[in-house]
Amino acid sequence: VSGKITYCGHEFQEFIPQRTSAYISQHDLHHGEMTVRETLDFSGRCLGVGTRYELLAELSRREKEAGIKPDPEIDAFMKATAMAGQNTSLVSDYVLKILGLDICSDIMVGDDMRRGISGGQKKRVTTGEMLVGPAKALFMDEISTGLDSSSTFQIVRFMKQMVHIMDVTMVISLLQPAPETYDLFDDIILLSEGKIVYQGPREHVLEFFESLGFKCPERKGIADFLQEVTSKKDQQQYWCRENEPYHYVSVSKFVEHFNSFHVGQKHDDELRIPYDKSRIHPAALVKEKYGISNWELFKACFAREWLLMKRNSFVYIFKTTQITIMSVIAFTVFFRTKMKAGHISNGTKFYGALFFSLINVMFNGMAELALTIFRLPVFFKQRDFLFYPAWAFALPIWVLRIPLSLLESGIWILLTYYTIGFAPSASRFFRQFLAFFGIHQMALSLFRFIAAVGRTQVVANTLGTFTLLVVFVLGGFVVAKDDIKSWMIWGYYISPMSYGQNAIVITEFLDKRWSTYHYSHLTPPQ
């Protein structure tokens with residue numbers, strides 16, 4: 001495909017197309033744990049208010065100059081809709097009301113495993129998520145899927161009001177809309193076999209087909225007629241020239257005839273003249289990549305991540321309970337009364353206890369893999385629509401996992417350090433705690449990375465299993481460092497487990513009590 005695309009006379013590199021326009025997909029991708037209102041509020045907060053604030057400032061200046069006192073209610077409404085970075089906004093409430101979502105605004109969206117709103121309401125949430133933003137061109141793909149004809153009519157009627165009042169452009173693809181829904185549209189674009197058969201005012205579409213000999217019956221929906229008239233199977237029934245025999249009119253002939261039809265000629269005349277850039281309002285094109293500042297983006301994503309953590313609290317409670325149970329098992333297996341420090345034979349038991357601790361702390365981060373994969377589809381959608389950059393999604397997750405790592409590492413070390421009988425020194429206790437904290441953070445980040453690379457559950461699990469195998473085998477415990485072949489030693493150095501293992505082993509075995517036995521055997525006889 002070659003050529004040049006311009007919008008208001010400007011090429012795509014001159015502005016940000018993803019922010020100037022919005023694509024509304026037919027796939028409903030949302031966080032099931034969030035309510036309808038929270039979903040729209042987050043979307044509105046990230047997308048920002050566009051130029052509403054600047055326009056309001058200009059309006060206020062002109063009102064003062066002309067000595068006009070605005071209506072208090074309208075003035076309050078406009079100021080409320082022009083405030084960026086708010087947790088909740090009046091625009092979200094307005095869109096909820098218009099789309100008929102106010103009755104389920106505080107109900108969770110839901111997913112495969114969590115009961116929530118109906119399919120039709122989910123479809124409206126997908127539409128509302130983009131409407132709360134400041135985009136001036138909206139492209140809607142099959143927004144009527146799962147909706148009854150009445151709901152579709154209500155939504156399209158609101159869209160028409162929005163287009164005419166706010167001066168925006170909407171392109172909506174619909175399959176077999178009801179006649180009353182069809183009548184709401186200003187223009188029709190009819191596509192067939194990848195070609196544009198007709199593009200222009202709705203009033204002239206029947207005239208175009210009648211000029212070719214096809215007439216829509218009185219009791220037939222125009223939308224159904226338009227879909228069938230280009231089809232080889234259904235075309236014949238609409239032939240209206242009784243004095244001429246019917247012959248099949250191909251899509252290419254329709255296109256050819258449209259170019260000579262008065263609507264098509266008007267299009268060509270308009271397109272021949274380059275668009276005058278001076279006619280465009282500065283507010284029509286968005287030049288900033290994101291709707292709000294980096295700090296506000298971080299705050300919005302942090303608030304959402306905290307909310308999702310609270311809604312998924314069972315996972316984190318279960319993980320904490322699991323590591324508590326495993327630590328009890330650990331100190332009953334490696335009990336201090338059965339392991340005397342300072343002897344080589346017992347040193348291997350201490351080494352085993354440290355390795356077992358390392359495995360448990362590391363494996364406790366594996367739940368992160370499934371949680372990340374679950375959120376990836378929503379992340380990719382919102383990142384591509386420039387809600388936020390990738391760092392604004394990843395950073396709050398990392399920050400909020402720090403207290404979790406401190407808690408889980410703290411539980412493990414508090415229950416096992418004294419009972420197993422590790423070095424009785426406060427400095428070594430805190431060093432081991434710091435090492436376990438680092439290992440837990442590494443495990444969480446590693447599983448998140450594997451999930452991001454794999455993207456699907458099957459691929460990520462396969463990658464995760466393979467990575468763990470390499471990390472364990474080449475970590476220096478299963479196969480000692482000196483036994484690893486020279487061509488495989490790179491595995492030891494890239495294995496994060498080897499560094500964690502070295503840290504906790506050195507912390508323990510550099511204690512004085514492990515030196516006593518060693519030195520007494522090296523002292524020469526008197």
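**A buried phenylalanine and the chain around it**

Phe298 counts as buried because its relative accessibility is 15%, where buried means under 20% relative accessible area, exposed over 50% and partly exposed in between (1.4 Å probe, protein chains only). This is a predicted model: local features need pLDDT of at least 70, side-chain atom pairs count only at pLDDT 80 or more, and totals for chains, interfaces and linings use all residues. Residues are numbered from 1 along each chain as its sequence is written, and side-chain values use heavy atoms, with hydrogens and water left out.

Phe298 sits in helix H13, residues 294-311. Helices (H or I, at least four residues) and strands (E, at least two) are DSSP runs, numbered from the N terminus. Leaving aside residues up to four places away in sequence, Phe298 touches Trp391, Leu395 and Pro396. Contact here means heavy atoms within 4.5 Å. Pro389 is 91 residues from Phe298 in sequence, yet their C-alpha atoms are 9.7 Å apart.

Now step back to the whole chain. Its secondary structure comes to 22 helices and seven strands. Of its 526 residues, 44% count as buried. Take the contacts between residues at least 6 apart in sequence: 74% join residues at least 24 apart. The C-alpha atoms fill a box of roughly 130 × 70 × 45 Å, taken along the principal axes.

One stretch carries a record. An unreviewed UniProt entry annotates residues 297-509 as "domain: ABC-2 type transporter transmembrane". UniProt positions follow the numbering used here, feature names are shortened, and annotations may be inferred rather than shown by experiment. In the model, this span is 80% helix and 0% strand. Its end C-alpha atoms lie 47 Å apart.
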